[in-house]
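Please examine the sequence and the structure shown below.

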Amino acid sequence: MGYISNVFIEKELKNLKRKKSAAIDDLPPGILKDCAKNISKPLCYIINLSIKKGQVPKLWKIAKVTPIYKSGNTKLPENYRPISVLPILSKILEKAVHVQLMHHLESNYLINSNQFGFRAKRSTKLASTLFVDNIRRQLDKGKLVGAVFLDLTKAFDTISHSVLLEKLPAYGIDEIEKEWICDYLFDRHQLVKIDEIRSNTKAVLSGVPQGSILGPLLFTIFFNDFAEHMTYCDTVKYADDTVIYYSHADYKEIEDKINIDLNRISTFFDDNELIINLKKGKSESMLFGTAKRLANTPSEFNCLYRGTKINQVKEYKYLGNYIDSNLSFKANFEKAYKKASARLRLLEKMRPYLTKYATIQIYKMMIIPILTYSGILCLEHNKYQLDRFKSLENRSRKIIGEQYEVLEIRNQIIMEACLTVRKCLDGSLCSNFRNYFEVNEHHIGTRNNGLSLRLPKVKLSVAKQSFYFYGAKLYNSLPLSLRSTVDFKKFKELLHENFM
């Protein structure tokens with residue numbers, strides 16, 4: 001790891017948010033922010049000394065934990081969410097290490113490409129789209145797809161420090177860098193604070209620090225070799241949210257291959273001291289296919305983990321979307337609409353106490369994203385769904401004010417799809433989407449040459465709803481003047497004007 005500049009430290013201090021809670025040292029972020037110019041130089045010296053010596057200040061390794069009530073019996077500890085707050089100065093040290101470590105891993109392609117969690121140019125939307133589109137491609141070929149959604153029990157809290165440290169040299173993290181991470185992980189403590197009462201400190205013996213900047217990245221390294229233990233299945237991961245899947249025309253073949261890989265990864269989980277949660281509603285299995293294929297397939301889909309059958313479902317909430325076995329997304333739409341409609345009713349009750357500006361911001365930030373989150377995952381909407389969109393738009397217009405121009409929800413989804421297609425073409429997304437679309441290029445000098453996308457040949461309606469097909473179709477429908485815009489920022493501005 002290289003040394004950090006004074007400029008970097010000052011910038012990080014100035015970017016602190018005043019409303020963040022103070023940690024065990026009772027240093028409010030507002031004071032650090034205001035004193036950024038004066039304290040950046042000595043803080044820079046301390047951080048560089050930490051990197052040079054491979055040691056982290058002990059005070060920076062103590063977390064303050066505040067239990068936040070979720071629901072249920074207030075006397076039961078499991079009904080509280082522990083919020084861990086680390087010293088702000090320790091987070092600046094972590095950020096300095098994180099930037100260098102992430103650059104090393106990404107520039108050397110050391111992280112599995114199917115890991116979408118805590119990485120730039122990746123998101124839950126892209127992870128879901130890649131997974132669902134891969135299924136759609138297989139269904140269009142007349143195949144079935146079997147999948148197992150794996151839920152790990154407290155994955156971040158149960159990471160073995162010794163196992164993690166053993167893995168680091170394989171990623172080029174050795175000598176002083178490994179010493180620093182070792183010191184960062186060990187001899188950590190935490191205490192619980194409720195109001196003004198503090199408990200005694202307790203040692204933290206496993207897991208990556210909660211509320212830290214480095215914790216998610218260290219987990220990514222720890223879990224990175226998971227896919228190497230599978231022979232047949234593909235996988236998509238978002239942090240510890242993991243799905244493995246396999247396609248074939250014969251469902252028995254799918255069962256066999258998935259069970260072989262489940263047996264292999266059980267060894268991985270043993271070696272890494274991780275536990276799969278096999279309770280109903282946690283780890284689940286699903287068989288995907290067209291309604292016709294599924295009707296002619298035995299209902300039992302037996303995926304076994306150490307002799308225990310993984311519960312089979314016809315619908316599963318994956319990264320915020322309800323995915324059903326024939327990819328209709330009907331239930332997903334209904335649940336999103338119901339949630340958005342309930343929030344709109346609440347906004348209507350609050351409206352007399354809000355300014356018009358505040359009302360618009362709540363509508364844009366807390367209601368519309370519920371309906372557009374599925375976005376590129378299910379681009380085609382039937383008349384019933386479009387009517388529901390229109391109904392919600394009319395209600396919102398009445399609540400906000402008749403003169404407010406509500407951008408149609410359907411158009412917002414189309415805009416997001418076209419922007420994502422453009423990012424794919426520009427190569428500004430992750431490698432999984434670099435060659436997602438094929439540009440129409442030919443020797444005849446037509447106006448559309450190099451500016452339209454070739455629609456892939458698909459047979460089934462389930463494939464026509466995919467991002468790889470419908471996304472290309474929507475992009476091709478844009479005006480030629482818009483598609484020929486080179487600058488992405490300008491393209492985004494013109495796209496917005498086109499749909500207003």
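Beyond its neighbours within four places in sequence, Asn432 is in contact with Ser113, Asn114, Phe116, Arg122 and Leu130, contact meaning heavy atoms within 4.5 Å. The model is predicted: local features need pLDDT of at least 70, side-chain atom pairs count only at pLDDT 80 or more, and totals for chains, interfaces and linings use all residues. Residues are numbered from 1 along each chain as its sequence is written, and side-chain values use heavy atoms, with hydrogens and water left out.

Asn432 lies in the loop between helix H14 (409–426) and helix H15 (461–464); helices (H or I, at least four residues) and strands (E, at least two) are DSSP runs numbered from the N terminus. With a relative accessible area of 17%, Asn432 is buried, a term that denotes under 20% (1.4 Å probe, protein chains only). Its side chain makes a polar contact with that of Arg122 at 3.1 Å; such a contact is a pair of N or O atoms within 3.5 Å, and within protein one must be able to donate a hydrogen and the other to accept it, while residues adjacent in sequence count only if both atoms are side-chain atoms.

Helix H5 comprises residues 124–140. Of its 17 residues, 13 are buried. Just after H5, Gly142 takes a positive phi of about 85 degrees.

S3 (residues 144–150) and S9 pair over five bridges, and Phe149 stands opposite Glu284 in S9.

Notes: Two strands pair if DSSP finds at least two bridges between them. The expected span of a helix is 1.5 Å times one less than its number of residues. Buried means under 20% relative accessible area, exposed over 50%, partly exposed in between (1.4 Å probe, protein chains only).
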